[in-house]
Amino acid sequence: MNQQISELTFLKQLAPRFAILTPEFIEWPSQRQKIQDCFKKWPSAIAKPDILAGGRGKAGAMEMVDTARDAIQTLQRLSSLELKGRMARTSYLVEFIPTNYEVYTAITYDSRYLSPVITISLKGGVDVEQITEAEKKTFPIDIYKGLDVYQAGDILRSLKCPDKLISPIARAVVNLWDMFITSGMQMCEVNPWRITAENKAVACDFKAVYDNANFKQRNPGFELPEYPENISEFEEEMNRWNVSSYQGQAHVSDLNGKGILPILFGGGASTIVIETLIYNNGDPMFLSDFGGNPPYKRMYGTASICFKHKLADAKVLLILGGKANNTRIDITFQAIADALFANAYLRNGKELPVIVGRGGPGLVLGVSAMQRTLDELCWPYAIFGPETPISMVTQYTAELYNYLRTLNSKKA
Amino acid sequence: MRAKTITDLLRKGDRIGVSNITGREANKVTAITQRYANNIVGGWALGKGGHKIVIEKNVSIPVFSDYGELLENLPQKKWPNKIIIYSPPDAVYGDLKNVVNTSAETVETIFIITENVSIEVSSKIHYLCKEKNIDVLGCNTLGIINVIDHVRVGAVGGDQPEETFHPGSATIISNSGNMVNTMATYLYGAGIGVRFGISTGKDQLILTPLKDIMELVQNDKKTKVVILYIEPGGLYEQIALQWMKEINFSKPIIVYIGGTIADETNLSLGHAGAVAEGKGTRAKEKIELFDNYLNFPPYVRGKPLSRTIKPTRGLRIQALHDLPDAARALYNSLQIERDYKHYRPLKLNPWLKNMGKLAKKLPPKLVLSDGVIPSPYKKRFKNILKTHFGKITTLRNMKNASHASSNDGKSPCIYGKSVIDLMTNKSLEHILILYWTGYPPSRNFETELVKQTLVAAFTNGPGTISAQGAKLSASAGNDPHTAMIATLATIGSVHGGNGGKAACFLMDIFANSNLTDPYSSEAKKIVIKAAADYVKKLSKIKQISKETDIPFKKVPCLGHPVYRNESVNYDPREQVLTQYLEKNNIYHAFFDFYHELATNMQKEGITGNVLAVNIDAAIACVWLGICWPLICEKKMTIARAKKIPFLAFALGRAAGGAAEYLDHTDYGSLMDMRVPVSECENLNML
């Protein structure tokens with residue numbers, strides 16, 4: 001998952017470095033006196049949670065406050081806000097900038113041009129999807145030459161931006177581009193820029209995402225704050241394990257399901273299998289992609305993390321992938337089988353049905369290793385080859401799980 | 001694009017150069033590709049100049065330090081026109097720039113296999129290559145395969161490309177490398193082969209978008225149908241479909257779109273680019289786009305296609321396993337000839353299954369019928385069974401764990417059987433077989449045979465080394481258990497250990513035979529042949545031994561005659577066992593083999609008389625007879641079967657040692673085993 005950057009980080013770290021004008025702000029917790037001092041300078045202020053979730057405005061998580069008392073109460077509340085499954089790290093108060101003009105800008109990479117593009121609209125302050133095509137302009141940026149003020153000016157002119165505002169907005173937008181390209185981002189959005197009475201463009205809300213594959217973001221020059229996440233221990237451990245090596249993939253998304261434990265291979269196969277499981281009430285515990293030809297130790301570690309967290313509660317274990325091109329089945333299956341054997345004690349003697357399907361290099365050796373282990377565990381199993389479609393194996397597994405669930409609920 | 005037809009991307013005669021060729025992935029894939037396509041002219045890897053990727057004897061691919069060195073050393077006609085990049089993510093841009101700046105005129109296409117290339121670098125690669133008129137596939141492509149020309153770049157088809165890719169009329173274009181392979185397998189089941197298999201990669205930027213590939217496919221006469229696997233993210237399909245409508249694209253397509261689950265959630269799918277990032281990029285929106293283009297209802301399995309309206313633009317399938325049925329229906333409807341006559345409908349075909357007790361609880365629709373392992377896997381399984389004789393176990397920490405014993409709180413158990421029940425209902429021999437093999441005796445007579453071998457192992461008289469061990473210990477004033485230890489300490493690979501050697505010998509002889517039931521008289525033929533073959537072999541060895549004066553290795557447990565001067569020798573203890581078998585009309589392949597061997601050796605002149613089969617051999621035969629079916633069924637390791645005969649001897653002899661101890665302590669005096677100094681000989685070193 002690529003690292004998101006919050007507005008507070010932007011206000012504290014990025015904006016000053018790239019000469020982007022921003023409102024004054026104060027971070028919670030702060031002394032009452034300091035907040036009172038702010039209100040002596042500011043006509044009013046907005047209290048916001050520092051949270052890595054979009055749609056704060058829509059969700060009513062940003063509040064206009066006029067007094068220090070209201071501000072403190074609101075900041076206290078917002079500092080522990082939960083929104084879209086994410087937790088606030090803290091909260092902050094920003095100066096309200098009165099304006100007659102609000103401008104939308106976003107820089108991102110676009111599949112149509114295979115390059116960065118900038119989108120500008122003079123109808124800022126609302127969600128971009130609400131802005132009509134005629135009211136916004138998207139232009140590709142030459143990745144080698146970058147964006148200059150004249151190009152930005154041309155775009156603004158084409159949007160019929162008042163002449164007096166073209167220069168300040170164009171300069172602000174170019175600074176934004178400089179920040180985007182020099183810090184290794186894959187998208188950034190300022191919405192809105194508020195234009196002051198002195199014709200200055202002030203960035204009044206911000207969101208961005210770093211490209212984790214870009215070396216520039218590895219050392220941003222400041223410490224990125226850690227946000228409390230309500231992701232599961234399982235996902236957290238797997239994420240750490242995933243970034244510990246470039247060999248093989250160890251990608252999971254916890255679905256908090258209670259049914260099928262899926263050990264899956266390949267981005268395409270994992271998408272199809274999880275989709276099929278969900279549509280057939282298979283209640284998958286998580287989405288996984290463990291392809292990319294992991295060596296034994298890597299696969300053993302990946303499988304061990306899955307089993308450590310999920311084996312005890314699983315109702316069916318599904319080990320499934322298409323016909324691999326590269327991934328060695330003998331090595332990956334031996335590793336999974338060994339990890340399964342080592343963690344089988346977590347079942348407390350309770351058998352677990354196992355459904356396996358795979359194709360690829362070293363298949364027969366891999367399948368034999370898996371069979372030996374399952375025989376040794378005395379767990380029921382069925383193993384399919386590459387000519388049985390993964391979607392059929394998935395449907396069967398979901399049906400098996402649903403039947404077992406019914407059986408167990410009858411027993412209960 | 002520089003390519004004008006799809007074969008411009010890859011054809012026979014192309015010359016491939018490989019970056020970072022010595023890397024784990026590149027090294028392996030390159031060797032397989034070279035065997036399949038023979039199209040790689042060389043590669044480079046930092047600090048690895050002068051190395052070679054050995055393909056087979058006298059065939060290798062040269063490795064250079066960098067791309068420049070490759071050009072310097074290869075003749076111009078061998079300079080690569082296709083480059084495959086396997087460099088680590090941070091090195092991709094540098095490697096590619098080097099190639100592009102040096103060889104813009106010769107290099108036509110670059111395939112970037114590397115994963116985790118930054119989006120900024122991807123975009124820069126696009127600009128750079130576009131300017132130099134070089135096509136780029138990737139990043140994170142698996143490669144492509146031109147099946148008709150029998151060439152590939154990258155790993156499409158894995159280590160057996162011919163197994164999956166059969167020449168034909170369908171071109172597969174997929175966001176997932178694995179799906180190229182998988183869909184080709186399903187299509188072949190429907191009698192449809194593959195023209196081209198193309199993995200586009202599914203990073204956030206796909207540098208050869210769908211429209212560009214479709215333009216190439218449009219010009220390819222050999223492609224009759226296009227198969228697409230699509231995921232969320234990007235507007236590639238929107239652009240391609242718009243163009244296809246405008247030019248009235250001539251080839252029907254079959255499309256599967258995955259990833260609708262990610263539309264409404266934050267679920268992160270496997271591929272970096274499979275992210276809905278705006279309008280038109282969600283899977284559901286892509287489905288709408290395709291349905292709109294196809295102007296035909298999505299394929300429903302089992303429902304025949306309309307006869308009046310033809311799916312001229314193709315079909316969308318809703319489940320991956322509908323691909324072969326849908327493809328066949330499309331080919332029939334549009335009167336396109338399938339590439340192969342066979343049709344194998346897709347079904348659940350379990351290669352291996354053991355649903356255990358659960359099978360009885362399942363409703364009929366969930367009971368899996370027996371499957372068939374198809375060729376060539378069936379042969380490979382057979383080979384493995386031959387190679388891996390006996391059970392192979394998975395090693396684990398056994399500190400506090402045991403299969404052999406347990407205690408369920410009510411009674412100690414042996415392999416799950418209550419010791420209380422065993423004490424009441426079973427003989428010692430029955431329990432011993434259970435404890436040592438993990439399974440109860442399969443035939444009643446096995447317990448009698450075990451009893452006889454145990455008794456036979458008790459003693460061979462007070463002069464035997466093991467009896468002397470117990471007596472020495474008693475004479476020294478030790479406790480009983482020490483005397484038993486002394487007995488056990490004085491048996492070994494020569495004294496008593498021959499049983500283990502005999503078991504190994506018999507296993508070597510019969511491991512590759514069809515012997516499964518050693519008690520079946522049908523095994524007689526196998527035994528006669530095995531004995532005859534072995535004697536022939538021995539005869540040759542003896543001849544060589546005579547000529548070279550090198551002593552030949554003797555058959556274990558044979559030639560230990562009790563009555564040395566008799567023409568036929570026997571060990572009376574072994575005879576008791578043989579006579580029991582004969583009296584009860586029990587055939588025993590291993591006893592029979594030993595007797596055949598002794599007789600044939602005398603007949604062939606290898607020995608002057610019929611040698612005795614000793615008690616160690618008899619113990620080995622008895623226990624191997626018990627273990628053999630378990631080994632064949634892979635329920636027992638061969639290591640265990642080899643150890644048991646010696647354990648059987650040791651168990652009997654330890655009891656015998658105890659008897660000697662008791663006797664010696666009752667009647668002997670302390671230190672009476674001491675040898676007087678006068679009887680000891682002093683040997684001087686020369």
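**A strand between two chains**

Tutor: In β19(A), Y381(A) and I383(A) point one way, A382(A) and F384(A) point the other way, and all are buried (20 or more other C-beta atoms, placed from the backbone, within 10 Å of the residue's own). Strands (E, at least two residues) and helices (H or I, at least four) are DSSP runs, numbered from the N terminus. This is a predicted model, in which local features need pLDDT of at least 70, side-chain atom pairs count only at pLDDT 80 or more, and totals for chains, interfaces and linings use all residues. Residues are numbered from 1 along each chain as its sequence is written, and chains are lettered from A and ligands numbered from 1 in the order written.

Student: Which strand of chain B pairs with β19(A), and in which sense?

Tutor: Two strands pair if DSSP finds at least two bridges between them. Here β19(A) (residues 381-384) and β15(B) are antiparallel over 4 bridges. I383(A) has L352(B) as its bridge partner, while Y381(A) is opposite N354(B).

Student: Which strand of chain A is joined to β19(A)?

Tutor: β18(A) (residues 354-359) runs parallel to β19(A), with 4 bridges; G357(A) is opposite F384(A).

Student: How many residues of each chain are in contact?

Tutor: Contact requires C-beta atoms, placed from the backbone, within 7 Å. By that criterion, 80 residues of chain B touch 74 of chain A. α6(B) provides the largest share of chain B's side, 8 residues.

Technical notes. Contact = placed C-beta atoms within 7 Å. Buried ≥ 20, exposed ≤ 12 C-beta atoms within 10 Å, placed from the backbone.
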